[in-house]
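Please consider the following briefing on a protein complex. The notes are grouped by topic.

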Amino acid sequence: MNTFFLFVLLTLAVLIGAYLYRVLQGPTIFDRVLGLNGISTKAIILLILIGSVHERVDMFIDISTGYALLNLVGALAVAKYLEQKGLP
Amino acid sequence: MIFSFEIPLLILLLLTAAGAILVKDLMSAILLLGCYSFFLSLVWAWLGAVDVAFVEAVVGAGLATVLFLLTLFGTAPKDSRLRRPPPPMAALIGLPLLGILLLYAAKDLPQFGDPNSPANSHISPTYLEQSFHDTHTPNVVTSVLMDYRSLDTMVETVVIFTAGIACVLLLRRKAS
Amino acid sequence: MDVLAVIFILAGLFFLVVAAIGVIRLPDVFTRSHAVSITDSLGAFLMLIGIAIHEGFSLNVLKILAVLALLYLQNPVIAHATVRAALRAGLKPWQREST
């Protein structure tokens, strides 16, 4: 089971690389925001998986909850900014 | 089982840092810095430092992004593209040399999680054994931060609170 | 029990891979937002359910379900806000040139 989890962890890291390509490359700023949102979703899953590997899920879930809440605030702030200012 | 999952995370971290330096406008640099904090927090979590990961996620990815955005709101630059002079020759040669020196020195550090390393054998066992008896707090990190170093933590809080008041005073909108 | 967890996690992984391919291959913001919000949410759902089955029934499962509910709330909201900002900024949705 542990080996399987490590395989899943590595695959998720590769997927994060794909999203990172979009964040680095993205022609407009909105692509970057969407890529960042995808990365944060992956990061939440990765945190819970890491907790499962370390067998301390209870601690890691609290971090991921904080992550999710703050990601919502940050992304909404970016969207609000872009809506008021238009394209930079 | 030792499995170095931190290596792909560190590669992602390097890519993000390079992108944050090379990217052309300020908004993208802010987003990439948020990304960087995500990866750094994942590295901390993988190494088992849960509280550091929590602080990195909350402050680095959440608060710092929003504060940078508020700064962009407040300053409202007409042209947010960066014009950066090329780096001086001394930095281009000196910093890689410094990095090589640091890597060379890091070879002599004790192994990760080694119970006989100085950090684990000198003063930590005392805290681990006596903190519950002294403070009746189940979490050792909390007992050190909030009990043994409580004055230090209190003054830190005062500093952060003052900085927060200053930020609110600077960023408030005029009532029109 | 573990077999069920593995099946759920692999299904989630499949959808996450599809979402990543979509994020790289699709042509503009409006199409990419589908990959990021819809497919990603389904993948995360399956994956977290798999982990919850693996953990067995305890308080942790409730916490995982709370994270899941949060993800389900925030992914569409963020995608919607971003796409609306893109539309207000004047980006035109992608169309096939030949029509």
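Two residues are in contact if their C-beta atoms, placed from the backbone, lie within 7 Å. By this criterion, Leu48(C) touches Ile45(A), Ile48(A), Ile64(C), Val67(C) and Leu68(C), residues up to four places away in sequence not being counted. This is a predicted model, in which local features need pLDDT of at least 70 and side-chain atom pairs count only at pLDDT 80 or more, while totals for chains, interfaces and linings use all residues. Residues are numbered from 1 along each chain as its sequence is written, and chains are lettered from A and ligands numbered from 1 in the order in which they are written.

**Confidence**
- The predictor assigns the complex an ipTM of 0.86 and a pTM of 0.81.
- Chain C has a mean pLDDT (the predictor's confidence in each residue, from 0 to 100) of 86, and 98% of its residues reach 70 or more.

**Chain contacts**
- Two pairs of chains are in contact, and chains A and C share the most contacts.
- Chain B and chain C are joined by no contact; their closest C-alpha atoms lie 14 Å apart.
- Between chains A and B, the contact takes 32 residues from chain A and 33 residues from chain B.
- On the chain B side, helix 1 (6–22), helix 2 (26–47) and helix 3 (50–75) each supply at least two residues; helices are DSSP runs of H or I, at least four residues long, numbered from the N terminus.
- Helix 3 of chain B provides the largest share of that side, twelve residues.
- By class, the side of chain B that touches chain A has 24 nonpolar, eight polar and one charged residues. Here Ala, Val, Leu, Ile, Met, Phe, Trp, Tyr, Cys and Pro count as nonpolar, Asp, Glu, Lys and Arg as charged, and the others, Gly among them, as polar.

**Nonpolar core**
- A nonpolar core is a set of buried Ala, Val, Leu, Ile, Met, Phe, Trp, Tyr and Cys residues joined through C-beta atoms within 7 Å; a residue is buried if 20 or more other C-beta atoms lie within 10 Å of its own.
- The largest such core has 82 residues, and those with the most contacts inside it are Leu47(A), Ile48(A), Ala45(B) and Leu48(C).
- Helix 2 of chain A gives the most to this core, with 14 residues.

**Helix 1 of chain C**
- Buried residues in helix 1 of chain C include Phe8(C), Leu13(C), Leu16(C) and Val23(C).
- The buried residues of this helix pack against helix 1 (2–25) and helix 2 (29–54) of chain A, together with helix 2 (29–55) of chain C.

Key. A residue is buried if 20 or more other C-beta atoms lie within 10 Å of its own, exposed if 12 or fewer, and partly exposed in between; C-beta atoms are placed from the backbone.
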